[in-house]
Amino acid sequence: SLQPMDRRTPGPDEVEIAVTASGLNFRSVLDALGLYPGDAGPLGGDCVGTVSAVGSGVQHLAVGDAVMTIAPFGRFVTVDAGGVVRQPQALTPAQAATVPVPFLTAWLALRELKQLQPGERVLIHAAAGGVGLAAVQLALWGGAEVFATASPTKWAALEAMGVARTHIASSRTLEFAEDFRKICGPRGMDVVLNSLAGEFVDASLSLLKAGGHFVEMGKIDLRDPAAVAAAHPGVRYQVFDILELGVERTRAILEQVTQGFNAGHLRALPAQ
């Protein structure tokens with residue numbers, strides 16, 4: 001059970017954070033509903049707060065620093081300082097709480113697993129969701145040609161971000177495949193960032209060019225990479241999970257994300 005008042009003095013290389021805002025992620029919703037396959041870990045996710053105590057050996061943080069990380073829910077959390085970074089400047093705590101999980105996920109997918117290049121074509125499914133909105137920003141910042149699916153009521157928001165209307169389709173039907181095939185022609189997509197399942201996976205795979213990259217962040221419909229490669233020659237299928245990152249790699253990515261915010265390339269996601 002959640003014990004919000006429990007506090008633990010930080011040990012070596014740890015910090016305690018007095019939490020000011022937390023972000024609720026789909027993973028926790030699925031887990032709370034009993035729908036998450038496997039162990040989702042403790043309920044939690046985006047964590048923003050102020051460092052309230054510092055353990056021995058911590059050099060990059062001090063008491064009073066406004067920080068963000070990924071941590072279990074609680075009013076106070078004690079975590080490995082290696083995964084904690086200072087939050088982007090000029091963001092409120094609620095805005096900062098939209099950053100860690102979505103932008104860490106999108107950065108890992110599009111900047112590391114698939115090193116997206118300027119001019120490459122990327123299809124981002126569920127682009128109006130948290131990770132989707134972060135991925136659209138990262139892809140546009142990197143000079144990619146962005147294609148996106150979302151519910152029709154959310155298309156205007158994607159257009160306002162800079163996605164061409166011709167490059168937006170519904171995430172509720174398979175029409176996106178034919179619509180985007182007409183635009184891409186034989187060249188196809190360079191990368192798909194996927195969170196959909198079933199026929200949507202097959203339709204998306206059919207859009208990828210030889211040498212294309214299918215990056216899967218979903219949990220429901222995982223495929224065998226060898227079977228995908230056999231059916232779609234040259235296509236690389238890769239599943240990933242940010243909770244498998246070590247704290248140092250997490251921190252390195254979040255520091256790059258923070259630099260993107262501080263330089264004005266990235267914006268906080270809508271928050272309520």
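In which loop does alanine 126 lie? Alanine 126 is located in the loop between β6 and α4, where helices (H or I, at least four residues) and strands (E, at least two) are DSSP runs numbered from the N terminus. The model is predicted, so local features need pLDDT of at least 70 and side-chain atom pairs count only at pLDDT 80 or more, while totals for chains, interfaces and linings use all residues. Residues are numbered from 1 along each chain as its sequence is written, and side-chain values use heavy atoms, with hydrogens and water left out.

Alanine 126 has a positive phi of about 50° although it is not a glycine. Its relative accessible area is 29%, which means that alanine 126 is partly exposed; buried means under 20% relative accessible area, exposed over 50%, and partly exposed in between (1.4 Å probe, protein chains only). Alanine 90, also not a glycine, has a positive phi of about 70°. Alanine 90 is found in the loop between β5 and α2 (93-96) and counts as exposed, at 83% relative accessibility.

An open sheet is formed by five strands in the order β4-β1-β2-β3-β5, with antiparallel pairing; two strands pair if DSSP finds at least two bridges between them. The edges are held by β4 (76-80) and β5 (85-86), each with a single partner strand, so one side of each is left without a neighbour in the sheet. Strand β1 (residues 14-23) pairs with β4 in the antiparallel sense over five bridges. Alanine 18 stands opposite phenylalanine 76 in β4. Helix α3 (residues 100-113) lies across β2 (44-54) and β3 (66-72), running at about 80° to β3. Axes are lines fitted to C-alpha atoms, for helices over the stretch in contact, and angles run from 0 to 180 degrees between N-to-C directions.

A further open sheet consists of six strands in the order β8-β7-β6-β9-β10-β11, with parallel pairing. Its edge strands are β8 (168-170) and β11 (236-239), each with a single partner strand, so one side of each has no neighbour in the sheet. Neighbouring strands of this sheet are turned by 15° against each other on average, direction ignored. The parallel strands β7 and β8 are joined by three bridges, and the bridge partner of threonine 149 is alanine 169 in β8. Helix α3 lies across β6, β9, β10 (208-216) and β11, running at about 150° to β10. Helix α6 packs on the sheet and touches β6, β7, β8 and β9, and its direction makes about 165° with that of β7.

Helices α3 and α9 (residues 247-262) pack at an angle of about 100°, with their axes 10 Å apart. Helix α3 is therefore roughly perpendicular to α9, a term that covers angles of 65 to 115 degrees. The contact (heavy atoms within 4.5 Å) is made by Pro100, Phe103, Leu104, Trp107, Leu108 and Glu112 of α3 and by Arg249, Thr250, Ile253, Leu254, Gln256, Val257 and Phe261 of α9. The residues of this contact divide into nine nonpolar, two polar and two charged. Ala, Val, Leu, Ile, Met, Phe, Trp, Tyr, Cys and Pro count as nonpolar, Asp, Glu, Lys and Arg as charged, and the others, Gly among them, as polar.

Nine of the 12 residues of α4 are buried, among them Val131, Leu133, Val136 and Leu138. The buried residues of α4 pack against α3, β6 (121-124), β7 (145-150), α5 (155-161) and β9 (189-194). Just after α4, glycine 143 takes a positive phi of about 85°.

Phenylalanine 180 is placed in helix α6 (residues 175-184) and counts as buried, at 0% relative accessibility. Not counting residues up to four places away in sequence, phenylalanine 180 touches Leu123, Phe147, Ala148, Thr149, Thr166, His167, Ile168, Ala169, Met189 and Leu207. The C-alpha atoms of phenylalanine 180 and isoleucine 168 are 8.7 Å apart in space, and the two residues are 12 residues apart in sequence. Histidine 167 is in the loop between α5 and β8 and counts as buried, at 11% relative accessibility. Leaving aside neighbours within four places in sequence, histidine 167 is in contact with Glu145, Val146, Phe147, Ala148, Phe180 and Ile183.

Conventions:
Parallel < 35°, antiparallel > 145°, perpendicular 65-115°, else oblique.
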